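Morning, everyone. I have one complex to walk through today. Please bring it up on your screens.

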Amino acid sequence: MPSIPVRMPPDELSDRRLVGAVLEFGSDPAFRELYQRHTPRLHRLALRMAPTRDDADDAVQEAWLRAATGLRTFAWQSTLATWLFGITLNVLREQSARAGRGIDVSADEVILATAPVGDTIDLERAVRMLAPGARAVFLLHDVEGFTHEEIAGQLGVTAGTSKTQLHRARRALRVMLSAHQATERS
Amino acid sequence: MSTDPDSEQDALPEELLDRLRTTTMPDASVEQRIVATLERRRVLRRTAGRPHTPWLVAAAAAAAFLIGMRVGERRAAGAARIAAPPPPAVATSDDRPALPATPVLWF
């Protein structure tokens with residue numbers, strides 16, 4: 001009986017080939033291709049989680065160094081992107097802890113600060129005003145498209161916590177943005 | 001995107017979320033630093049044709065200079081050997097004139 005080839009999304013198949021080339025030959029072009037492919041998403045998350053652009057760049061750099069050094073231990077239990085996001089979030093969490101902050105996903109707090117009445121607020125600013133835990137879940141789910149199970153693995157929480165935080169984050173964003181729209185109309 | 005039905009109920013409008021899906025990259029120097037560090041850690045191998053780090057260029061130049069010096073010394077020694085006159089021949093027993101087989105009468 002002929003064997004049925006395992007069907008994989010082209011990206012993942014290609015990721016596997018590139019990772020294989022890095023592991024087997026130390027291929028510089030293969031690594032650069034992986035970097036170009038995954039960094040835009042990692043960087044936009046880092047930009048919204050880190051306090052400054054330099055911190056975001058540092059987080060992405062450290063995440064890639066850890067990922068490339070530990071590539072041999074990656075067992076393809078998830079996609080490469082899921083794994084890379086998990087590493088980046090760990091780096092961001094460590095960065096926050098060093099600065100005396102944290103990314104507490106189980107916290108009830110959703111909004112860090114409210115905008116002064118009458119102050120205009122755009123979407124980017126509204127996202128930044130979410131507490132780090134709720135912000136991370138919102139960005140991972142709604143912007144990056146990860147499932148609650150994947151987010152649970154990346155953040156070390158349960159899928160239920162991820163769902164709760166997402167719901168709170170969305171509600172907070174709606175409130176902030178509707179207040180902004182009302183201000184604009186008036 | 002996730003297809004979790006619980007999460008779709010209160011989702012924000014897709015056009016709003018699209019505004020957050022911007023493409024950004026870190027400064028180009030970040031990629032260079034990552035690759036250089038991974039090459040030092042021997043995770044990556046240097047690709048031929050790429051510019052080398054200055055210390056490596058200096059080391060390669062020094063090695064080439066030393067090799068060149070050794071070759072030069074050898075060549076000079078060879079040339080000196082060719083130019084020098086042959087050493088004086090040392091007399092051996094074979095150089096002595098052979099004695100006549102018959103006795104010579106001196107008187």
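**The interface first**

Start with one pair. Glu31(B) and Arg32(A) join their side chains in a salt bridge, at 3.2 Å from N to O. The rule here is a side-chain nitrogen of Lys or Arg within 4 Å of a carboxyl oxygen of Asp or Glu. By that rule, 2 salt bridges cross the interface of chain B and chain A.

A word on ground rules. This is a predicted model, where local features need pLDDT of at least 70 and side-chain atom pairs count only at pLDDT 80 or more, while totals for chains, interfaces and linings use all residues. Residues are numbered from 1 along each chain as its sequence is written, chains are lettered from A and ligands numbered from 1 in the order in which they are written, and side-chain values use heavy atoms, with hydrogens and water left out.

Now polar contacts. Chain B and chain A share 17 residue pairs of this kind, both residues at pLDDT 80 or more. The term means a pair of N or O atoms within 3.5 Å; within protein, one must be able to donate a hydrogen and the other to accept it, and residues adjacent in sequence count only if both atoms are side-chain atoms.

Which elements of chain B give two or more residues to the side that touches chain A? They are α1 (5-8), α2 (14-18) and α3 (28-40). The most comes from α3(B), with 9 residues. Helices are DSSP runs of H or I, at least four residues; strands are runs of E, at least two; numbering starts at the N terminus.

Next, extent. In contact, meaning heavy atoms within 4.5 Å, are 35 residues of chain B and 43 residues of chain A. The buried area is about 3500 Å², and carbon and sulfur atoms give 57% of that. Buried area is the accessible area (1.4 Å probe) that two parts lose on being put together, summed over both.

**The two chains**

Chain B has 4 helices and 0 strands. Chain A has 8 helices and 0 strands.

In chain A, it covers 51% of 186 residues.

Last, contacts inside chain A. Take those between residues at least 6 apart in sequence: 61% of them join residues at least 24 apart.

Terms used: Buried means under 20% relative accessible area, exposed over 50%, partly exposed in between (1.4 Å probe, protein chains only).
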